[in-house]
Amino acid sequence: MKAELILMGKRWDMATQSARRWLVATIYLLLAAILVELYLLDHWRTSGYYLIFATFLINRFLLGGYQFGGLIKPFNERTPVRKITPAPFVLLFGLRVWEPEPRDTEWQNDEREQGQRDRAHYLAYQMLIFVLMPLWLAASWASHESRLLAWLPMPSAVLVYGLVLAMIALAITLPQAILLWTEPDMDSE
């Protein structure tokens with residue numbers, strides 16, 4: 001795990017557990033705000049895909065894990081491929097997406113990190129089972145046009161779609177969030 005995050009040329013210290021917890025809470029509040037705004041925009045008819053796109057961007061630039069970049073080392077142990085020169089938009093906006101060649105310690109997980117990764121995935125997907133229960137109930141009630149969902153200000157099919165969007169975003173980010181949330185403060189070298 002990296003001890004600092006670089007966003008638009010500014011360094012953010014992520015060595016303390018409280019800073020990482022603040023980041024995780026901010027990310028989930030941002031995703032929830034995006035979900036609500038997209039509902040208000042067009043009831044997720046065409047904008048629902050933007051939540052998933054935003055989730056992948058958050059993984060790429062903040063969390064890491066499934067892609068190279070962010071605080072967490074990649075889970076897949078493949079050597080990251082980098083361009084020789086950065087893209088023009090990277091230089092224009094000052095984003096630090098590009099670095100020359102990564103050191104092996106930047107992308108290879110040792111045994112302790114593999115154990116942490118496996119435990120985070122176990123906890124994340126164990127939690128997702130309980131989160132999928134309300135989705136299953138809502139889908140069941142929506143398919144039977146039950147009066148149980150009649151009090152909602154939206155059609156039951158839209159509710160189910162919104163829950164599916166939220167679950168996908170959660171499934172993509174939860175293992176990294178667990179790692180960032182549970183790791184103790186990093187030692188200063």
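**Stop one: the core**

Select Leu-23, Ile-27, Trp-44, Leu-51 and Leu-180: of the 37 residues in the largest nonpolar core, these touch the most other members. Such a core is a set of buried Ala, Val, Leu, Ile, Met, Phe, Trp, Tyr and Cys residues joined through side-chain atoms within 4.5 Å, where buried means under 20% relative accessible area with a 1.4 Å probe, protein chains only. This is a predicted model, so to speak of local features needs pLDDT of at least 70, side-chain atom pairs count only at pLDDT 80 or more, and totals for chains, interfaces and linings use all residues. Residues are numbered from 1 along each chain as its sequence is written, and side-chain values use heavy atoms, with hydrogens and water left out.

Now color H1, H2 (48–63), H5 (111–143) and H6, the elements that give two or more residues to this core. Helices here are DSSP runs of H or I, at least four residues, and strands are runs of E, at least two, numbered from the N terminus. H6 gives the most, with twelve residues.

Next, click Ile-27: leaving aside residues up to four places away in sequence, Ile-27 touches Ile-58, Leu-62 and Leu-63 (contact means heavy atoms within 4.5 Å).

**Stop two: the hairpin**

Jump to residues 4–7 (strand S1) and 10–13 (strand S2), which run antiparallel and are joined by four bridges; strands pair if DSSP finds at least two bridges between them. Pick Leu-7, and you'll find its bridge partner in S2 is Lys-10. Two residues lie between the strands of this hairpin, and Met-8 in the turn has a positive phi of about 50 degrees.

Technical notes
Buried < 20%, exposed > 50% of the residue type's maximum accessible area, 1.4 Å probe, protein only.
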